[in-house]
Amino acid sequence: MTRLLSAAGAIAVAGALALGTAPAAQAAPKPAAKPTSVHIKGPDLPDTLIVDPGDGARLFDTLLAEVDWMATAKPQTVAPKADKLGPKYTLTVVAKTVPLQVYDLYPMAAGGPRAHRPANQPSGKKADGWFYGRLTMSETLRLSGVPLKPKPDVVNGGIGGGVGEDIKVADLDPVAGVNGFLSRMRELLLLNGAVLIVILFGLAGIAFLIRRRV
């Protein structure tokens with residue numbers, strides 16, 4: 001009888017533990033949704049621009065990189081004056097049909113691009129924050145379809161000078177660049193050496209003539 005009661009107690013304890021751990025398993029966090037497109041709205045855009053990997057994986061990744069880092073970043077600056085911001089372009093990061101993040105970009109702001117993370121985010125409320133935008137912001141938006149003036153001189157990492165364009169591997173090969181530099185240096189040294197020899201022969205000739213006259 002004692003053994004029977006012990007076995008029943010063990011079964012009851014096991015059942016309680018199973019029930020206690022079941023909700024925890026159900027409450028496990030879901031993996032973050034992967035962005036599938038970026039929507040752009042602006043004052044000079046009649047319709048919403050939608051950029052997805054079908055427009056080019058590199059362009060989509062570059063556009064996403066302009067704002068994705070702000071999701072967990074701390075604000076970097078205070079809100080600039082409204083008359084110093086220029087046109088606003090609102091970017092919404094979307095996973096299929098579900099908005100994930102919303103940001104306001106100001107590529108023409110005085111003193112450099114600025115970005116704003118509104119407090120009300122689709123994924124939940126966050127601290128309202130202003131950030132210094134990347135120098136590539138204007139060119140990235142332009143390549144995405146926003147009517148902005150080209151600014152290839154402020155491009156970093158190939159955007160604007162590389163997105164949508166073919167770049168020769170030799171142009172990016174550091175070994176080839178070093179070899180070319182050494183080749184030019186060798187030519188310069190040979191030229192300097194030739195000039196030095198001519199000068200030495202000239203000095204020797206002048207010294208010989210002076211010695212004969214003396």
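**Strand pairing and helix packing**

Visitor: In E8, which residue is the bridge partner of His116?
Guide: This is a predicted model, in which local features need pLDDT of at least 70 and side-chain atom pairs count only at pLDDT 80 or more, while totals for chains, interfaces and linings use all residues. Residues are numbered from 1 along each chain as its sequence is written, and side-chain values use heavy atoms, with hydrogens and water left out. Strand E5 (residues 114–117) and E8 pair in the antiparallel sense over 4 bridges, where strands (E, at least two residues) and helices (H or I, at least four) are DSSP runs numbered from the N terminus, and pairing requires at least two DSSP bridges. Within E8, the partner of His116 is Trp130.

Visitor: What is the order of the strands in the open sheet?
Guide: The edge strands, each pairing on one side only, are E2 (49–51) and E8 (129–132). From one strand to the next, the twist averages 25°. The 6 strands pair in antiparallel fashion, in the order E2-E1-E3-E4-E5-E8.

Visitor: What angle does the direction of H3 make with that of E4?
Guide: H2 touches E1 (37–41), E2, E3 (89–95) and E4 (98–106), contact being heavy atoms within 4.5 Å. The direction of H2 makes about 70° with that of E1; angles run from 0 to 180 degrees between N-to-C directions, and axes are lines fitted to C-alpha atoms, for helices over the stretch in contact. H3 packs on E1, E2, E3, E4 and E5, and its angle with E4 is about 125°.

Visitor: How are H2 and H3 oriented to each other?
Guide: The axes of H2 (residues 57–68) and H3 (residues 137–144) come within 10 Å and cross at roughly 135°. Angles under 35 degrees count as roughly parallel, over 145 as roughly antiparallel, 65 to 115 as roughly perpendicular and the rest as oblique. The two helices, H2 and H3, are therefore oblique.

Visitor: Which residues of H3 make the contact with H2?
Guide: On the H2 side, the contact is made by Leu59, Thr62, Leu63 and Glu66. The H3 side consists of Met137, Thr140, Leu141, Leu143 and Ser144.
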